[in-house]
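Welcome! Let us walk through this structure together, one part at a time.

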Amino acid sequence: MATLHLLSQSPFASRLDSVLRLLGPHDGLLLCGDACHALQPGSAPQQELERLPDSIKLYALAEDVAARQVGLPERVKTVDYPGFVELCTHYAKVNGWL
Amino acid sequence: MAKSMLLISRQSPWGGPGAREALDIALAGGAYELPIGILFLDDGVFQLLPKQQPAAIEQKDLGANLQALPLFGVEDLYVCRQSLRLRSLDGQPLSLPVTPLEGPELANLLDRYDLVITL
Amino acid sequence: MKFAIALFSPPHAPSSRRALRFAEAVLAGGHEINRLFFYQDGVHNASGGVVTPQDEADLPAQWRAFVANHRLDAVVCIAAALRRGELNEEEAKRYGRTAVSVAPPWELSGLGQLHEAAQQADRLVCFGGA
């Protein structure tokens, strides 16, 4: 018996591509929540992150890495909440991608 | 001196309240005479298509609010060219006078503003 | 530093809990929060009507305690709240609604409050999405 699939969400959904397009050479990127899946070793998103210039610092929220048991690439530094706050003071402004 | 704010509007006009609620932040800022810019990115570029028919899905015309932006002093309007290109909209007429940006121009735009909200 | 914190996601979204833990760390780190601003679905974090299963984190209760304990300025966008059914006593009376879900320490106000907070803070941090 054939199935009718209902799809209502835009096909142009990827946020990671958009973030990477907007990153300046001295910006930082903090991955939280499900964005930590981008760290999955060998995955296409992880390879895209690897290609970013060294001047762009990569961070991941420690609790989310731990919850998901994701392998952590060497260049990614984990931060806890105090570290997250400190990063916000270090960069001139913070852009939360919703 | 007032801090400048860039709004990055990423949502399509009819996929939920996000596009309208992003615009409301811009209009409120303009009403307070704050320096506000808007970058239309990702599905946000769909807000710029002329001659849409939201009444067909019982929605209000967002286009009218967009046209009000200059009246509220919000004239720094930008669009991501790559977002247009990915949606086969590059080169098509848009309903607002937006400056297309691509590549490092996008990061440069962010650098010029004191505050950024991405919705 | 002075932080303005905005929240756009509902209580069950991970980003809402993340925003609260971040806000706690801001104060624990010796910084100030000049305003919390709830917008879009974030307005539901101010709801007194949310009933959370006993074995889950009760975000609205946690937010309320955090705001009250630290006497923070906590604003809920009135337009966003109305369309999502989160009304205080005044608005419920105005619109003839029986359900009152927003009460002090939460205040219903306009987007001007978000702009004012952003102008006065050293950092604006927005939470939402997932």
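Chain A holds an open sheet of 3 strands in the order 1-2-3, with parallel pairing. Its edge strands, each pairing on one side only, are strand 1 (28-31) and strand 3 (76-79) of chain A. Here strands (E, at least two residues) and helices (H or I, at least four residues) are DSSP runs numbered from the N terminus, and two strands pair if DSSP finds at least two bridges between them. On average, neighbouring strands of this sheet are turned by 30° against each other, direction ignored.

This is a predicted model: local features need pLDDT of at least 70, side-chain atom pairs count only at pLDDT 80 or more, and totals for chains, interfaces and linings use all residues. Residues are numbered from 1 along each chain as its sequence is written, while chains are lettered from A and ligands numbered from 1 in the order in which they are written.

Back in the sheet, strand 1 of chain A pairs with strand 2 (residues 57-61) of chain A in the parallel sense over 4 bridges. L30(A) has Y59(A) in strand 2 of chain A as its bridge partner.

Now look at how helix 4 (residues 81-90) of chain A meets helix 1 (residues 14-28) of chain C: their axes come within 9 Å and cross at roughly 75°. Axes are lines fitted to C-alpha atoms, for helices over the stretch in contact, and angles run from 0 to 180 degrees between N-to-C directions. The two helices, helix 4 of chain A and helix 1 of chain C, are therefore roughly perpendicular to each other (65 to 115 degrees).

Notes:
Angles under 35 degrees count as roughly parallel, over 145 as roughly antiparallel, 65 to 115 as roughly perpendicular and the rest as oblique.
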